[in-house]
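User: I have a model on screen and want to learn how to read it. Can we go feature by feature, starting with the strands?

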Amino acid sequence: MSDNAVDQGKRTWLIATSCAGAVGGVATAVPFVSSFAPSERAKAAGAPVEVDISALKAGEKMTVEWRGKPVWVVRRTPEQLASLKSLDGQLADPQSERTAYPIPEYAKNEYRSIKPEVLVVVGVCTHLGCSPSDKFAAGPQPSLPDDWKGGFLCPCHGSTFDMSARVFKNKPAPDNLEVPPHMYLSDAKLLIGEDKKA
């Protein structure tokens with residue numbers, strides 16, 4: 001046997017083991033590298049949510065989940081809308097100027113919404129994260145003032161919010177409820193989590 005035949009065998013063996021090592025390295029690296037990519041669940045958690053509000057009647061609320069938080073969509077009655085202006089003196093921040101989170105420009109009004117009749121807010125109290133209860137009926141009720149016009153009551157520490165989710169003065173909650181970015185795709189469809197057309 002010549003020296004050339006031996007060298008060829010070594011070369012073939014070296015190439016074969018190098019290829020097998022490279023394939024093994026890629027097979028190991030692909031799952032490792034792909035583990036850095038966000039999961040489908042994680043992508044969906046931050047993705048915008050499309051909501052059909054066509055069946056939502058005046059005085060009703062629906063809840064959807066966005067980024068793991070409850071988002072309330074409330075269709076307010078004409079009476080609820082009419083009572084908002086009269087409450088400014090009782091509210092801690094009627095114009096939503098002092099917030100710990102960014103507020104969209106379209107929510108810097110007494111309605112805190114794009115369309116006056118539809119309120120879209122994150123249903124988490126700004127005090128310690130409890131979820132306030134609906135107290136839409138006007139008039140005296142337990143834990144509420146006798147001149148109650150409707151809104152929300154946080155059962156944990158008694159913070160009260162009006163029908164625009166603005167917090168009343170001298171309550172534990174430091175801020176109004178958060179208004180998430182949102183936009184209308186049509187009169188009956190809302191997109192929560194995004195407010196700019198692509």
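Analyst: Strands β1 (residues 49-52) and β9 (residues 189-192) run antiparallel and are joined by four bridges. D52 has K189 in β9 as its bridge partner. This is a predicted model: local features need pLDDT of at least 70, side-chain atom pairs count only at pLDDT 80 or more, and totals for chains, interfaces and linings use all residues. Residues are numbered from 1 along each chain as its sequence is written, and side-chain values use heavy atoms, with hydrogens and water left out.

User: What counts as a strand, and what counts as a pair?

Analyst: The general idea is that strands of a sheet pair through backbone hydrogen bonds, either parallel or antiparallel. Helices (H or I, at least four residues) and strands (E, at least two) are DSSP runs, numbered from the N terminus. Two strands pair if DSSP finds at least two bridges between them.

User: Which strand forms a hairpin with β9?

Analyst: That is β8, with two residues between the two strands. Strand β8 (residues 182-186) runs antiparallel to β9, and four bridges join them. Within that pairing, S186 stands opposite K189.

User: In what order do the three strands of the open sheet lie?

Analyst: The order is β5-β6-β7, with antiparallel pairing. The edge strands, β5 (133-135) and β7 (160-161), each pair on one side only. Two bridges join β6 (residues 151-153) to β7. Find F152 there: F161 in β7 stands opposite.

User: How many helices and strands does the protein have?

Analyst: Three helices and nine strands. Read from the N terminus, the elements run α-α-β-β-β-α-β-β-β-β-β-β.

User: Now the cysteines. How many disulfides are there?

Analyst: In general, a disulfide is a covalent bond between the sulfur atoms of two cysteines. The rule here asks for a pair of cysteine sulfur atoms within 2.5 Å. The count comes to one disulfide. C130 and C156 form it, with their sulfur atoms 2.0 Å apart. C130 lies in the loop between β4 (118-122) and β5, and C156 in the loop between β6 and β7, so the bond ties together parts that are 26 residues apart in sequence.

User: Why is this disulfide called left-handed?

Analyst: Look at the torsion about the S-S bond of C130 and C156. The torsion is about -105°, so the disulfide is left-handed.

User: Are those two cysteines buried or exposed?

Analyst: Buried means under 20% relative accessible area, exposed over 50%, and partly exposed in between (1.4 Å probe, protein chains only). C130 counts as buried, because its relative accessibility is 17%. C156 is at 39%, so C156 counts as partly exposed.

User: Which residues touch the most other members of the largest nonpolar core?

Analyst: A nonpolar core is a set of buried Ala, Val, Leu, Ile, Met, Phe, Trp, Tyr and Cys residues joined through side-chain atoms within 4.5 Å. The largest has 20 residues, and V74, V121, F152 and F161 touch the most other members. The elements that give two or more residues to this core are β3 (69-75) and β4. Another core, of 14 residues, lies apart from it; V49, W66, V118 and V122 are among its members.

User: Which residues does F161 touch?

Analyst: Contact means heavy atoms within 4.5 Å. Leaving out residues up to four places away in sequence, F161 touches several, including C125, W148, F152, R166 and L177. Across the protein, residues 24 or more positions apart account for 54% of the contacts with a separation of 6 or more.

User: What should I look for in the backbone angles?

Analyst: Most residues other than glycine have a negative phi. R67 has a positive phi, near 55°. R67 sits in the loop between β2 (60-66) and β3. A165 also has a positive phi, near 65°. A165 lies in the loop between β7 and β8, and its relative accessible area is 0%, so A165 is buried.

User: What share of the 198 residues counts as buried?

Analyst: The share is 36%.
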